[in-house]
Amino acid sequence: METTTKIIERICPNCHETFKVKVYDNLNITSNVEMKSKVLNGSIFDFKCPNCGILFRSIYSIVYKDIEKKYIIFLNMKNKNYDKKIKKLEELYPEYKIRNVSDMMDLIEKIYIFEVKLNDKIITYLGYKIYEDMTRKLSDMKSPIKISKVLFDSFNPSKNQVNFGALNNVQKRIFISATYTDYKTLQNSPKYIQCFKENPGECEIDQNWAKRI
Ligand SMILES: [Zn+2]
């Protein structure tokens, strides 16, 4: 699971020049720890046009691996079928969590969740419940604010807080907290215990997954 690169083509949004550029294909963050901040702030996806010099962001597919914390996240921007690759990895590394996401924000969210050693399934479910609750309240209030997604923000065990941020149509920073007690209650709930376990082949842990359980 070493770091590898690939050559991709980008088109400048300003002067429309097409150029080739080397980017990461597999990124082993344990041996390239200097890249972590660039993934977390998105700048790993920034390009500079060789013709006009403009800077722009353009997300590409990448496989992010953390050997220390034992997880692999596929950021899948082309709807590529990774099923075979994932299955092989599951066999090779049965103790790893493997996830498949199609949005940069989702990749960053997963990294933040695994960084603080929380279960992303419980967090995704909690986030979805907050999303449902807020959407209902805003609609009852006839508010113009619409929430598109609720993402994990941070974990503060000393304050018993699990913090989330709500992406919305008015570009406001909206933060909501659940308690760590809520998290623990879900974790120990006999109703959900099976859902929150690792199941082979179950790699897309997102709002749709939360809706189904
Ligand atoms: Zn350009």
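Which residue in the turn of the β8 and β9 hairpin has a positive phi? Select Asn160: its phi is about 60°, and the hairpin has 4 residues between the two strands.

Before you click further, note that this is a predicted model, in which local features need pLDDT of at least 70, side-chain atom pairs count only at pLDDT 80 or more, and totals for chains, interfaces and linings use all residues. Residues are numbered from 1 along each chain as its sequence is written.

**Stop 1: the sheet**

Colour strand β8 (residues 147-156) and strand β9 (residues 161-168); they pair in the antiparallel sense over 8 bridges. Strands here are DSSP E runs of at least two residues, helices are H or I runs of at least four, and both are numbered from the N terminus. Two strands count as paired if DSSP finds at least two bridges between them. Pick Phe152 and you'll find its bridge partner in β9, Phe164.

Gly165 stands opposite Phe175 of β10. This second hairpin has 5 residues between its strands, and Gln171 takes a positive phi near 55°.

With the 3 strands shown, you have an open sheet in the order β8-β9-β10. β8 and β10 are the edge strands, each pairing on one side only. On average, neighbouring strands are turned by 30° against each other, direction ignored.

**Stop 2: the helices on the sheet**

Show helix α4 (residues 120-140), which packs on the sheet and touches β8, β9 and β10; its direction makes about 130° with that of β8. Angles run from 0 to 180 degrees between N-to-C directions, with axes fitted to C-alpha atoms, for helices over the stretch in contact. Then show helix α5 (residues 180-187), lying across β9 and β10 and running at about 55° to β10.

**Stop 3: the cores**

Next, select Ile62, Val63, Tyr64, Ile73, Leu75 and Leu107, the residues with the most contacts inside the largest nonpolar core, which has 17 residues. Such a core is a set of buried Ala, Val, Leu, Ile, Met, Phe, Trp, Tyr and Cys residues joined through C-beta atoms within 7 Å. Buried means that 20 or more other C-beta atoms lie within 10 Å of a residue's own, with C-beta atoms placed from the backbone. β2 (18-28), β5 (62-66), β6 (71-75), β7 (97-101) and α3 (104-115) each supply at least two residues of this core, and β6 gives the most, with 5 residues.

Zoom in on Leu75: leaving aside neighbours within four places in sequence, Leu75 is in contact with Ser61, Ile62, Tyr64, Val101, Met104 and Leu107. Contact means C-beta atoms, placed from the backbone, within 7 Å. Elsewhere, Met134, Phe164, Ala166 and Leu186 are included in a second, separate core of 16 residues.

**Stop 4: the two domains**

Finally, colour by domain: 4-115 is domain 1 and 120-212 is domain 2, with bounds from an automatic or database domain assignment. Their centres, taken over C-alpha atoms, are 24 Å apart. 13 residues of domain 1 are in contact with 10 residues of domain 2. On the domain 1 side, α2 (83-92), β7 and α3 each supply at least two residues, and the largest share, 7 residues, comes from α3.

Conventions:
A residue is buried if 20 or more other C-beta atoms lie within 10 Å of its own, exposed if 12 or fewer, and partly exposed in between; C-beta atoms are placed from the backbone. Two residues are in contact if their C-beta atoms, placed from the backbone, lie within 7 Å.
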